[in-house]
Amino acid sequence: KKSNAMWRSLPLRAISCARRPQVRVGELPLGADPSALIVGGGLLTAATVTGGAFYSPSRPSARCHEETPAHEESVALSNWSGTHELVTKRLFSPESQQDLEDIVAWAHRAGQKIRPLGTGLSPNGLALEGSGMLSMSQLDKIIEVDVAQGTITVEGGTRVAQILDELKKHGLTLANFSSITEQQIGGWTQVSAHGTGARIPPVDEMVSKMTLVTPGKGTLQLSEDGPDVELFRLARVGLGCLGVVSQVTLRCVPRYTLHERTYCTSVEKLREAHAELLAAHRHVRYMWIPYTDTVVVVISDIAEPGAKAQPPIPEEERLRPLRDLLRELVPNSNVTGDFALLREKLLRIDPLSPEHVAKVNRAEAEFWRLSSGERIADSTEILGFECGGVQWVLENCFPAGTISKPSLADIDYVVEIKKMIEEQRIAAPSPIEQRWTARSTSPMSPAYSSSSEDIFSWVGVIMYITDEDRAPKIKEKFRSYAMGHADQTFRYGGMLHWGKVDPAFHDGPRREVLQAHMRSRLDIKAFSEAQKALDPKGILSNRLVETVIKA
């Protein structure tokens, strides 16, 4: 039995924007004085704030009503990046399928909120709910790997990294995954997360079966070849609002090795080569560097037998532009560290100055020019990549034509964003990340389309939270940047990533525009009808979802 006993007497603290230590349940000695703990095998900060009181799942408190399932009270939670935080009144942690069903049934009768919680990695705090939450951290078992069928069945709290590790033992892997792998599979698929590859759909399309524990209809078994395919597709990207995903079966592929190539190009040359790049390569992503004409191109394909990589020059040489700039700006400074740390040190000097950020970006562009080269490795090593430090981020998804006939709207989009950055003198650090997917058949996916030929581009803009003192000003500057990104998204017929859309950046009339656009892109009516049937009291939802998809 996995216990949360280590949380006992955890002192209340201010949850900051600092980088969280990566501590796993069971790795922390009971006598330690933790400042951050995880929920669900991930990196969600938690602290009890009841004056030392702790409500253990194995020992319900006498202060709770006898029919109330065991839970913790007044738990302070923050998402991974520290950009959203709250104190939830009750946190439930089922340890079995039966526990989960009992908690959901009780909460439905009592009208108690139990917003499903994964690992808290969504930058917008999508899982957070002050009235009550339900952690899937205990339900993380690998149930079955069916090599013959090429599937894996797991509990909803299983992390993507666990799944990849287990599949590796059987010569299998996932067709694609996001830049990091700490997400719980339930939350990962519920938001239609994605990797990159114009022929590879978002991750919800991997789901072939799922067990959904609902307040209104009990436990449902849904599948792509079952009697209710429409509900299955709707529930695959259900945002945690249609039921709690307790089990999921994923389609897998044979384990494969990738040959990755990284190089720099100009915007003009990229426009000429773009259609061929999307058509010819399995995985394609671009990193656009604001205030420069540099675009970093990263392409990956299944490695040919006997292929040899042409590696880049040694890292010490590649880091020279960043170290030289740091020495120039701060003489006698400590210039040790990897690429991400050096960039963070440079941005921290003056993160709100467009001129300074542009200077850092130019040094980064030179780093990437020197980093041109190749590597060959297992797909699990290639597809993950460095996301940088703690940051504000807003990512969208918009149509980009088809594989055979790309519209080039994806190139035009980022060119327009870069023009806005320069005209408005936004302190926009690198990169503007751009990736692609095929369509999804899940109606609530940002990449939903009825045409199997359609492809979609995903573009993310960021600002790093370099220090707590300037965090409020950085947030305000990012707000302006994000609003421009959102306005342009709607003009291009796109929508915002479910794990990134933030109502705080859409006040007043802007919120109405956001809601109207969501209604135009998604079948909100069908989703709302399903929600009324499966969760009639709305105990699984939260204000963020209710605001964004207001019918």
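# A guided tour of the predicted model

Begin at Leu-239, which is buried at a relative accessible area of 3%; here buried means under 20% relative accessible area, exposed over 50% and partly exposed in between, with a 1.4 Å probe and protein chains only. Residues are numbered from 1 along each chain as its sequence is written. This is a predicted model, in which local features need pLDDT of at least 70 and side-chain atom pairs count only at pLDDT 80 or more, while totals for chains, interfaces and linings use all residues, and side-chain values use heavy atoms, with hydrogens and water left out.

**Backbone stops**

Leu-239 is found in the loop between α4 (229-236) and β11 (244-251); helices (H or I, at least four residues) and strands (E, at least two) are DSSP runs, numbered from the N terminus. The phi of Leu-239 is near 60°, a positive value in a residue other than glycine.

Next select Ser-74, in strand β2 (residues 72-78). Ser-74 is not a glycine, yet its phi is positive, at about 50°. Its relative accessible area is 24%, so Ser-74 is partly exposed.

Then move to Ser-430 and Pro-431, which are joined by a cis peptide bond with omega near 0°. Pro-431 is found in the loop between α11 (409-424) and β18. Most residues other than glycine have a negative phi, and most peptide bonds are trans.

**Aromatic pairs**

Rings of Phe, Tyr and Trp (its six-membered ring) pair if their centres lie within 6.5 Å; planes under 30 degrees apart count as stacked, over 60 as edge-to-face and the rest as tilted. By this rule the count comes to twelve aromatic pairs. Select Tyr-286 and Trp-436: their ring centres are 4.8 Å apart and their planes stand at 75°, so the pair is edge-to-face. Tyr-286 belongs to strand β14 (residues 283-288) and Trp-436 to strand β18 (residues 432-438), so the pair ties together parts that are 150 residues apart in sequence. Both Tyr-286 and Trp-436 are buried.

Now select Trp-392 and Phe-505, an edge-to-face pair with 5.8 Å from centre to centre and 65° between the planes. Trp-392 lies in strand β17 (residues 391-402), and Phe-505 in the loop between β20 (495-496) and α13 (509-521), so this pair ties together parts 113 residues apart in sequence. Trp-392 counts as buried because its relative accessibility is 7%, and Phe-505 counts as buried because its value is 4%.

**A charge over a ring**

Select Arg-282 and Tyr-256. Arg-282 lies over the face of Tyr-256, at 4.4 Å from the ring centre; a charge sits over a ring if NZ of Lys or CZ of Arg is within 6 Å of the ring centre and within 35 degrees of the ring normal.

**Helix α9**

Helix α9 (residues 354-370) has 17 residues and reaches 24 Å from its first C-alpha to its last, close to the 24 Å expected at 1.5 Å a residue; the expected span is 1.5 Å times one less than the number of residues. The helix is mostly covered, with twelve of its 17 residues buried. Among the buried residues of α9 are Val-357, Phe-367 and Trp-368.

**A cavity and a pocket**

On a 1 Å grid over the protein atoms alone, a cavity is a set of points where a 1.4 Å probe fits but cannot get out, and a pocket is an open set with protein on both sides within 12 Å along at least five of seven lines; lining residues have an atom within 4 Å of a point. Grid points are joined across faces, edges and corners, and a volume is the space filled by probe spheres set on the points.

The structure holds three cavities of 30 Å³ or more, and the second largest cavity has a volume of about 70 Å³. Its lining includes Val-357, Leu-347, Met-463 and Ile-474.

Finish at the second largest pocket, which has about 350 Å³ of space. Of its 16 lining residues, His-84, Asn-124, Pro-503, Arg-543 and Leu-544 lie nearest its centre. The largest share of this lining, three residues, comes from α15.
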